[in-house]
Amino acid sequence: MTKTFGSMSVAQLSVLIQSAAVDPVEVTEAVIDGIERHPDQSIFTTLLKDRALTEAKASSARLKAGRSLGVLDGIPIAWKDLFDIEGRATTAGSTILAKAPAAKTDAAVVAALKQAGMISLGCTNMSEFAFSGLGVNPHYGTPHNPHGRDVPRIPGGSSSGAGVVVAAGLAPVAMGTDTGGSVRIPAAFNGIVGYKATRGRYSMDGVFPLAKSLDSLGPLCRTVQDAVWIDAAMRGLTAPNVDHGAINGIDIVVPTNVVFEGAEAGVVAAFEAALERLAKAGARISRVTIPAFDEILDVMAKHGALATAEAFALHRERLAGPEVAGMDPRVVMRTRLGETISLPDYLALLEARERLIDNVERLLANSFVAFPSVAHVAPPIAPLEVDDALFVSTNGKTLRNTMLGNFLDWCGVSIPCGTGDAEMPVGLLLSAVGNRDEALLGMALSAEAVVRGDFV
């Protein structure tokens, strides 16, 4: 039963718990046992066994007394190691913060999901300080993509452990953060659903930042329905307010520039097959150039990356002090690039962002946008660990498609759409302009089965 509980969707497990077919304590004990027995022990940085069992017992008592907090009561969730957990230091995937003061309270969204009855399993591994799309971590190890059958392959980052814990069937849902793709990339690489909300949809209190003007949150889970339920609870709602959108007649824009450059043939084939299924279901597909995509790359080439500028400001004192010796050298190298970004450069980035967001909102209006979440499947880990140049180029390519949505303040859902090279998963990224989350989730609910095709 251990694998059964961990590999269920939130909705499937909820039916069992709410009907008293299984008890939250039984579920939690089985899930923890599965995590402890799993051969990849780099998925978690901390397992919150005592807390989880305490919360499970409280859930069990509520349910037996007929006082269920709702459909999420008794459901286990894993948290990326950026979220404050009361009584624990938030390490952000870095060993240098292991002795930092313990959090006095849970992060706001942790508290919100606890209020919904969810059970916190532990803190999942990640790229150090969330500054990579690959998920490689020299301190805690790199979680292996469970779909890699030939060689160990990357999990995607920075929410690496969050993606793997769900894909490996160890937990039904994990929470990630997304500054340049850190929810959607591991979702795509691991063949699961990843929802990146519009920035500001949830409270960021108690979440360790990377770049505050870009940081957003979202769950990694098995189905869009699961994401809808989690989203509602994170906003303090007692029930979701998302309705299925109609596929027939919906406008889907497929960009012809940037997002397919250098894409693997297998990725393109899987994406195009899913697009054809959507068209057969009645979606109106148009292929257009989105000038803002090229402009974003031009602006970044001229002025630097917004995330890099803000990450440097955040870590400036750390980089100048003795702690730097304990950091991943690649994170240090990338963060220090922000030192070359001047105040006029930073202001130019913000001005360009505001202008391009406005331009794209007028261009797209109520249309949805679809393209491959990542232009390639998850590559092998070993070459990336020894070749800095390969690491940098692969990281850039991995982040390229998803970071466009962060710059433009979009919301997005990555849905599995097939497999590419080495039978590794491919994700289709369905996006909408900022604050159209309900419409996006509704559309994704209806489109999910069509997008997936025969891929499970």
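**Second largest cavity.** I listed its lining: Ala-197, Thr-198, Arg-199, Gly-200, Arg-201, Tyr-202, Met-204, Ser-216 and Leu-217. By class I get four nonpolar, three polar and two charged residues. (Nonpolar is Ala, Val, Leu, Ile, Met, Phe, Trp, Tyr, Cys and Pro; charged is Asp, Glu, Lys and Arg; the others, Gly among them, are polar.) The volume is about 30 Å³.

**Ground rules.** This is a predicted model, in which local features need pLDDT of at least 70 and side-chain atom pairs count only at pLDDT 80 or more, while totals for chains, interfaces and linings use all residues. Residues are numbered from 1 along each chain as its sequence is written, and side-chain values use heavy atoms, with hydrogens and water left out.

For cavities and pockets, the search runs on a 1 Å grid over the protein atoms alone. A cavity is a set of points where a 1.4 Å probe fits but cannot get out. A pocket is an open set with protein on both sides within 12 Å along at least five of seven lines. Lining residues have an atom within 4 Å of a point. Grid points are joined across faces, edges and corners, and a volume is the space filled by probe spheres set on the points.

**Largest cavity.** How many cavities of 30 Å³ or more does the whole structure hold? I find two. The largest has a volume of about 60 Å³. Its lining counts 15 residues, with Leu-82, Thr-177, Thr-179, Phe-208 and Asp-215 nearest the centre. Strand S4 (173-178) and strand S6 (216-221) are the elements that give two or more residues to this lining. (Helices, H or I of at least four residues, and strands, E of at least two, are DSSP runs numbered from the N terminus.) The lining splits into eight nonpolar, four polar and three charged residues.

**Largest pocket.** Its volume is about 830 Å³. Among the 37 lining residues, Met-300, Ala-305, Thr-308, Arg-334 and Leu-399 are closest to the centre. H10, helix H11 (306-320), helix H12 (329-336) and H15 each supply at least two residues. H15 gives the most, nine. I count 20 nonpolar, twelve polar and five charged residues in the lining.

**Helix H10.** I turned next to H10 (residues 291-303), which has 13 residues. From first C-alpha to last it reaches 18 Å, close to the 18 Å expected at 1.5 Å a residue. (The expected span is 1.5 Å times one less than the number of residues.) Which residues of H10 are buried? Ala-292, Phe-293, Ile-296, Val-299 and His-303 are. They sit on the same side of H10 because they cover an arc of only 125 degrees around the axis. (The arc is that of the directions from the helix axis to the C-beta atoms.) Asp-298, Ala-301 and Lys-302 are exposed on the other side. (Buried is under 20% relative accessible area, exposed over 50%, partly exposed in between, with a 1.4 Å probe and protein chains only.) The buried residues of H10 pack against strand S7 (251-255), helix H13 (343-364), strand S9 (368-372) and helix H15 (388-407). Just after H10, Gly-304 takes a positive phi of about 100 degrees.

**Two single residues.** Glu-55 is in helix H4 (residues 49-64). Glu-55 is buried, at 10% relative accessible area. Beyond its neighbours within four places in sequence, Glu-55 contacts Lys-114, Met-118, Ile-119 and Ser-120. (Contact means heavy atoms within 4.5 Å.)

Ile-154 is in the loop between strand S3 (119-124) and helix H6 (160-167). Its relative accessible area is 0%.

Conventions
The expected span of a helix is 1.5 Å times one less than its number of residues.
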